[in-house]
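Hi everyone, thanks for coming. Let me put the structure up on the screen, and then we can walk through it together.

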Amino acid sequence: MELLDGLTTRRSIRAFIGQPLPRDLIIMVLDAARWSPSWGNTQPWELVVVEGEKVKQLTQELVAAFAGKVPPNPDVPMLQTFPDDYKARYTACAAGLFGTMGIARDDKASRWAHMVKMTGAFGAPVIIYVIFNAELGEPYTMFDLGAFTYSICLGAHALGLGTCIEAQLARYPDLVRKHLNLPASHKVAVGIALGYPDPLAPANAFRTDREPLAKFVRWVA
Ligand SMILES: Cc1cc2nc3c(=O)[nH]c(=O)nc-3n(C[C@H](O)[C@H](O)[C@H](O)COP(=O)(O)O)c2cc1C
């Protein structure tokens with residue numbers, strides 16, 4: 001796959017077929033993604049690849065916490081309010097996804113069920129957790145982790161695999177640390193759901209749009 005094609009055709013995948021992923025494929029993706037850029041080549045990322053039974057054990061606990069309305073305490077705080085323009089895009093994204101899935105605006109039960117599936121990594125056979133050492137501080141670390149995370153998504157896409165970056169998988173970092181045997185000094189940025197996309201799932205037919213260049217690029221000569 002051409003790189004530019006990959007950039008424009010990748011999309012978040014929110015339904016997976018159950019088939020396990022050969023470890024060789026995961027290694028191929030990570031081995032390419034490790035060439036991601038970082039501040040002064042500090043490479044501040046640490047990854048934990050969760051496979052097999054561990055995915056089930058962890059997601060069961062995440063889902064139980066979420067369904068039980070346990071207050072989340074993510075290591076990377078989520079914005080609670082967005083300025084209007086950004087909020088409009090966020091709202092359009094959710095409306096578009098639910099619309100494509102045939103879920104009506106007022107169908108709270110189906111929306112909730114989707115959130116529960118999200119908390120369960122959409123049934124992905126693998127979750128890659130992107131971790132950082134709290135000593136590093138956040139601004140540039142987040143930048144670098146973002147580059148690595150996106151490289152994983154693109155590399156997976158090049159091999160016909162699907163990914164969804166999920167802040168949702170990092171809402172209960174203490175549970176993640178417990179299952180992954182991580183010390184408290186290690187913070188959880190995101191989880192990436194990884195697997196073979198389900199080609200028949202309506203959620204996977206959803207495509208977000210983007211603003212045209214004219215909206216956010218200025219040229220100065
Ligand atoms: C940091 C980050 C966190 C995200 N968290 C979630 C999430 O918890 N659940 C989800 O369904 N998608 C999540 N996404 C995916 C975005 O919704 C998605 O990338 C965006 O809508 C653009 O769509 P696309 O990836 O299909 O191009 C996240 C993306 C990023 C970059």
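Let's start with Thr 119, which touches Thr 59, Leu 62, Val 63, Phe 66, Glu 166, Gln 168 and Leu 169, leaving out residues up to four places away in sequence. By contact I mean heavy atoms within 4.5 Å. Thr 119 lies in helix α5. Helices here are DSSP runs of H or I with at least four residues, strands are runs of E with at least two, and both are numbered from the N terminus. Thr 119 counts as buried, because its relative accessibility is 1%. Buried means under 20% relative accessible area, exposed means over 50%, and partly exposed is in between, with a 1.4 Å probe and protein chains only.

A quick word on where this comes from. This is a predicted model, in which local features need pLDDT of at least 70 and side-chain atom pairs count only at pLDDT 80 or more, while totals for chains, interfaces and linings use all residues. Residues are numbered from 1 along each chain as its sequence is written, and side-chain values use heavy atoms, with hydrogens and water left out.

Back to those neighbours of Thr 119. Thr 59, Leu 62, Val 63, Phe 66 and Ala 67 in α3 meet Trp 112, Met 115, Val 116 and Thr 119 in α5. The two helices, α3 and α5, pack at an angle of about 145°, with their axes 8 Å apart. Axes are lines fitted to C-alpha atoms, for helices over the stretch in contact, and angles run from 0 to 180 degrees between N-to-C directions. α3 passes α5 in a right-handed crossing; the near helix is turned clockwise from the far one by less than a right angle in a right-handed crossing, and anticlockwise in a left-handed one.

Now, which residues of α3 meet α7? They are Lys 54, Gln 57, Leu 58, Glu 61, Leu 62 and Ala 65, and on the α7 side we find Leu 175, Val 176, Lys 178, His 179 and Leu 180. The axes of α3 and α7 come within 10 Å and cross at roughly 160°, and this crossing is right-handed too. The two helices are therefore roughly antiparallel. For the labels, under 35 degrees is roughly parallel, over 145 roughly antiparallel, 65 to 115 roughly perpendicular, and the rest oblique.

That takes us to the inside of the protein. The largest nonpolar core has 25 residues, and those with the most contacts inside it are Leu 62, Ile 127, Tyr 129, Val 176 and Leu 180. A nonpolar core here is a set of buried Ala, Val, Leu, Ile, Met, Phe, Trp, Tyr and Cys residues joined through side-chain atoms within 4.5 Å. Two or more residues each come from α3 (52-67), β2 (126-133), α7 (173-180) and β4 (186-195). Which element gives the most? It is α3, with 5 residues. Apart from this core lies another, of 21 residues, including Trp 45, Val 126, Ala 156 and Ile 192.

Moving along to strand β4, we find Leu 194. Leu 194 is buried, at a relative accessible area of 1%. Among its contacts beyond four places in sequence are Phe 16, Ile 26, Val 126, Ala 156 and Leu 161.

My next stop is Asp 75, in the loop between α3 and α4 (84-100). Is Asp 75 buried or exposed? Asp 75 counts as buried, because its relative accessibility is 16%. Its side chain makes a polar contact with the side chain of Arg 177 at 2.9 Å, and also reaches the backbone nitrogen of Val 188 at 2.8 Å. A polar contact is a pair of N or O atoms within 3.5 Å; within protein, one must be able to donate a hydrogen and the other to accept it, and residues adjacent in sequence count only if both atoms are side-chain atoms.

Let me finish with two backbone spots. Ala 121, in the loop between α5 and β2, has a positive phi near 60°, and Ala 121 is buried at 0% relative accessibility. Asn 181, in the loop between α7 and β4, has a positive phi near 55°, but Asn 181 is exposed, with a relative accessible area of 70%.
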